[in-house]
Amino acid sequence: MKEIKAYETAEQEGILLNANERSEALPEYYLREVADAVLSLTLNRYPDNSQRELLQAYAAVNGLNEDMLLAGNGSDQVLGHLIGTFLGKGKILYTYDPDFSMYDYFASSYEGEVRKYTINEDGSLDIEEFIRTGREVKPSLVMFSNPNNPSGHCLSISEIERIIAGFTGIPVCVDEAYIEFADEESAVSLLDRYDNLYISRTLSKGYGLAGIRIGFLISRPENMKPLKDNYVPYALNVLSMKAAVIALKHHAEAEAFIERTREERRRMQKALADSKRARYILSQANFIYGYSSEKERLMELLDNASIVIRDYEGSDTFRISVGTAKENDRVLEVLKQFEEEKTCGQ
Ligand SMILES: Cc1ncc(COP(=O)(O)O)c(C=O)c1O
């Protein structure tokens, strides 16, 4: 049997800032509404395979049509479905290095190959070079996250447009898992002009609902039709779909959470701007990516404070999710301690 590297997750305790989740508790009125709704759900019946109520709710909030959407068990599932549709033995997925590791996982599970374009340390890239190198490898699918995970860098809509236009005839998927936290615009407005564009979104980040596992794929209706026809039946369960519909009804709550997170991110970036012992990249997502040649010591200090962040082993990089103001205060205290140790010559 072919070996596929497992996506590692671990049960952890402490201040969890390693998975770009919402740290804040969800509002009680939301949880109560979900609990009440559960009482009238027909759990004895299979879910609506057309996902109609959910797709209509997402379409309404985002100014889209239902026939442009397909929902999955997290955006992971729709990304996997897209990769499974366009990749196969020996076919190539073209992406960035670094980017979201699940692209590699799915490409490998469909026996495809991955070619990567190394982006700059701050997450920026030479768009023309990315296109030129990409066309040379003859990809069957181009996929990258914007804002990028892990750097947090976000391309502008005109840069995205250049990429989509540069790969005419080749499907390009822009993974917008973190777009709600960005200053830049979503690529959705380009769908009118480009038939090779696919966009993925999620309720795990901006809506803070990682536990219910709901994500979406967006494209033109004619692109969505074959993807819908070949999708696993009953991909989504009744409970998650209902919890998502209720969250979408309260989208203003998510928007307020996004604004608080952006504010906290700005505060953290400002506090970290003059760091000497580590370098932090300007982020447009709900996390901050850093480099330090003394990362081991930093990880030790964070560990002592029971703060769990994402450590990219074998490199000098790490990523810290933006948490609640209180959690971020703790993080900043530890990062300051790390800086001051150096100043004291320890
Ligand atoms: C860039 C990116 N895309 C997609 C996902 C998958 O999100 P989900 O499956 O929870 O929708 C993640 C999760 O961390 C991510 O970082």
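I start with a convention: angles under 35 degrees count as roughly parallel, over 145 as roughly antiparallel, 65 to 115 as roughly perpendicular, and the rest as oblique. The model is predicted, so local features need pLDDT of at least 70 and side-chain atom pairs 80 or more, while totals for chains, interfaces and linings use all residues. Numbering runs from 1 along each chain as its sequence is written, and side-chain values use heavy atoms, without hydrogens and water.

Helices here are DSSP runs of H or I, at least four residues, numbered from the N terminus. Axes are lines fitted to C-alpha atoms over the stretch in contact, and angles run from 0 to 180 degrees between N-to-C directions.

Helix H1, residues 28–39, packs on helix H8, residues 238–249, at about 140 degrees, with the axes 10 Å apart. H1 and H8 are therefore oblique to each other. For H5, residues 127–136, and H6, residues 157–166, the axes come within 10 Å and cross at roughly 20 degrees. That pair is therefore roughly parallel.

Polar contacts are pairs of N or O atoms within 3.5 Å. Ligand oxygen atoms lie 2.7 Å from a polar side-chain atom of Tyr178, 2.9 Å from a side-chain N or O atom of Lys205, and 3.0 Å from a polar backbone atom of Asp76. The protein covers 93% of the 400 Å² of accessible area that the ligand has on its own, by Shrake-Rupley with a 1.4 Å probe.

Technical notes: Polar contact = N/O pair within 3.5 Å; in protein donor to acceptor, adjacent residues only side chain to side chain. Helix = DSSP H or I, 4+ residues; strand = E, 2+ residues; numbered from the N terminus.
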